[in-house]
Each structure stands twice: as C-alpha cells, then as structure tokens.
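Subject: Structure handover

Hello,

Here is the structure I promised to pass on. Please open it alongside this note.

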Amino acid sequence: MSIWDDAPKNSRAVYDRLTLLAKRMRVETYGEIAAAIGQAEGREIAPVSLRYPLGFIRDRICRPQGLPWLNALAVSADDWYPGDSFLPPGVAFGDGEEVLWRGAVLAVFAYPWDKVDLG
C-alpha cells in the first residue's frame, strides 16, 4: 500500500511542487502553487483546495518521519505568512509563531528532499 492511496486529491502534485520550491529555496502563495499544478495537469485548481493536501503532507508524511514541514512553504498572498492551518489542530505557539515559521522554512530549505523515498 502506498502512502498516496488515501491521500486527498492533488497531494502528490503538491508534495512535488513543495520539494521543488525547497530546492529553489522559495516560498510561494497558495495561488501560485495551485496555478503551477493546474498548468501542469491542464486544469484549474482552486487555491483553497490545497488545505487538505498540505495538512496530509504535514501530518502523514513529514511529522511521522521526523521531516521538516513542507507545508511551511505555502503562504498567503496577503501577508506572505502561512494560513491558520500551518500548525496542526490544537497546537499554538502564541506570539512566537512567526519565529517558528521562519525556522521551519529554513529547515525545509536545508533538507535533502531528493533522498526521501515515499514509494
């Protein structure tokens, strides 16, 4: 059984886009990620639909394997920070969330994603 078998729609494409961004040491808005995936697949993808794939990647791939949270690279076009669903439900860091996010982004950039084998 593959990790992708019960993944939300577009999860593999979002994962691939995020690992590409990590190699390029970039963050992108939800809209930019959706547009890139949609263009590659020849269809339109709503940015709001990325919430479930991003949560899946965080909670079913990154956290269980001790990997940096790739979802940190997806940000809002309004303020260039991640949305409310960046952190898992029930987790909050108060005023330090911006510092936590910046550290998470640096960890994602530094990680050798080409060595991760998800099958």
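First, the ground rules. This is a predicted model, with local features needing pLDDT of at least 70, side-chain atom pairs counted only at pLDDT 80 or more, and totals for chains, interfaces and linings using all residues. Residues are numbered from 1 along each chain as its sequence is written, and side-chain values use heavy atoms, with hydrogens and water left out.

Helix α2

Helices (H or I, at least four residues) and strands (E, at least two) are DSSP runs, numbered from the N terminus. Helix α2 covers residues 30-41, 12 residues in total. From first C-alpha to last, α2 reaches 16 Å, close to the 16 Å expected at 1.5 Å a residue. That expected span is 1.5 Å times one less than the number of residues.

Tyr30, Ile33, Ala34, Ile37 and Gly38 are the buried residues of α2. Buried means under 20% relative accessible area, exposed over 50%, and partly exposed in between (1.4 Å probe, protein chains only). Seen down the axis of α2, the buried residues fall within an arc of 125 degrees, so they line one face of the helix. The arc is taken from the directions from the helix axis to the C-beta atoms. Gln39 and Ala40, on the other side of α2, are exposed. The cover over the buried residues includes α1 (11-24), β1 (28-29), α3 (51-65) and β2 (74-75); contact means heavy atoms within 4.5 Å. Gly42 follows α2, with a positive phi near 70 degrees.

The core

The largest nonpolar core has 35 residues. Such a core is a set of buried Ala, Val, Leu, Ile, Met, Phe, Trp, Tyr and Cys residues joined through side-chain atoms within 4.5 Å. Tyr15, Leu18, Ile57, Ile61, Leu70, Leu73 and Trp113 have the most contacts inside the core. α1, α2, α3, β2 and α4 (97-110) each supply at least two of its residues. The largest share, 6 residues, comes from α1. Tyr15 touches Trp4, Ile57, Ile61, Leu70, Trp113, Val116 and Leu118, not counting residues up to four places away in sequence.

Asn10 has a phi near 75 degrees, positive in a residue other than glycine. Asn10 lies in the segment before α1 and is buried, at 15% relative accessible area. Met25, also not a glycine, has a positive phi of about 55 degrees. Met25 sits in the loop between α1 and β1 and is exposed at 55% relative accessibility.

Best wishes
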